[in-house]
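Let me put the structure up before I start looking things up.

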Amino acid sequence: MALLVRVLRNQSSISQWVPICSQLVPVSPTQRQWGRTLSSTSQKIKIAALRMYTSCVEKTDFEEFFLRCQMPDTFNSWFLITLLHVWMCLVRMKQEGRSGKYMCRIMVHFMWEDVEQRGRVMGVNSYNLKKNMILMTNNFYAAILGYDEGILSDDHGLAAALWRTFFNQKCEDPRQLELLVEYVRKQMQYLDSMNGEDLLLTGEVSWRPLVEKNPQSLLKPSVPTYNDEGL
C-alpha cells in the first residue's frame with residue numbers, strides 16, 4: 001500500500017476531522033431569517049455535502065491512480081486526485097439550481113477544512129502549511145476553470161486541461177492521458193444519470209473504476225436509502 005494512503009487511512013475518519021456541519025459553516029443574519037423549514041433544508045444539504053465530499057476521498061482508489069498515472073506518492077498527488085473528483089461533483093450539482101449551488105459551496109468548504117487537517121496529520125509545519133494552502137487555493141480555481149472549459153470541449157480539449165493541471169505538464173505517455181479522459185467522460189455520464197433530488201438528500205456518490213473490463217458499459221446507479229427526514 002502506498003505510504004501516503006496508509007498514513008491517512010490510519011488516522012481518524014473524515015467524519016471526525018470535520019466539525020459538526022451546523023457549527024462549521026457560518027450562518028449569516030439573512031440565513032437566520034429563512035425560518036425553520038429553510039433552516040432544516042439547509043442542514044440536510046450541509047450533511048449531504050459532507051457525504052459527497054467524503055465519497056471523493058474515501059471511495060476513490062488513490063493507489064490505482066498513483067500506479068496507472070505514475071504519480072509520486074505525495075500529499076500534492078492526493079490533492080490533485082481529490083480535486084478532480086470534487087470538480088466532477090461540482091459540475092453535477094450546479095445543475096440542481098440554487099440548492100445545488102449552495103451544496104457546492106459547502107462541499108468546497110469541507111474540502112479545505114479536510115486538506116488543512118490532513119496537512120497537519122502529515123506533519124507539515126504551520127508556516128509551510130499556510131503557504132501550501134494559498135498555493136493550492138490558487139491552483140484549485142485555475143483547475144476548475146480549465147476543467148470546465150475542457151469538459152465542454154472535445155477530447156483534445158479535455159486532455160489538454162488534464163495535462164496542464166492533473167499531470168502538471170509532465171505527462172509524456174499519451175496512454176495515461178487517454179485513460180484519464182475516458183475516466184472523466186464515463187464518470188460524468190454516470191453522475192448525470194443519477195437523480196438530482198437523491199443527490200441533494202444523500203450526497204452519496206460511487207465512482208467507476210479507473211480501468212474496467214467493459215469500458216463501454218454504464219453502471220446503473222443504485223437507489224439511495226434515506227429516512228423520512230432525508231438523512
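Predicted model: local features only at pLDDT ≥ 70, side-chain atom pairs only at ≥ 80, totals over all residues.

**Whole chain**

I started with the elements: the chain has 12 helices and 0 strands, where helices (H or I, at least four residues) and strands (E, at least two) are DSSP runs numbered from the N terminus. Read from the N terminus, the order is α-α-α-α-α-α-α-α-α-α-α-α.

Residues are numbered from 1 along each chain as its sequence is written, and side-chain values use heavy atoms, with hydrogens and water left out.

Next I looked up burial. Of the 231 residues in the chain, 45% are buried; buried means under 20% relative accessible area, exposed over 50%, partly exposed in between (1.4 Å probe, protein chains only). The chain exposes about 12600 Å², and carbon and sulfur atoms supply 51% of that, by the Shrake-Rupley method with a 1.4 Å probe.

Then contacts, meaning heavy atoms within 4.5 Å. Taking those between residues at least 6 apart in sequence, I find that 71% join residues at least 24 apart.

**Helix α7**

I checked its span: α7 has 19 residues and reaches 27 Å from first C-alpha to last, close to the 27 Å expected at 1.5 Å a residue. That expected span is 1.5 Å times one less than the number of residues. In α7, 18 of the 19 residues are buried, so this helix is largely enclosed by the rest of the structure.

**Helix α11**

α11 covers residues 174-192, and its 19 residues reach 27 Å from first C-alpha to last, close to the expected 27 Å. Its buried residues include Leu177, Leu180, Val181 and Val184. An α-helix has 3.6 residues a turn, so residues three or four places apart point the same way. What covers the buried residues of α11? I noted α6 (62-68), α7 (75-93), α9 (126-151) and α10 (155-165) among the cover.

**Two loop residues**

Gln70 has phi near 50 degrees, a positive value in a residue other than glycine. I found Gln70 in the loop between α6 and α7, exposed at a relative accessible area of 62%.

Asn168 has a positive phi too, near 55 degrees. Asn168 sits in the loop between α10 and α11 and is partly exposed, at 45% relative accessible area.
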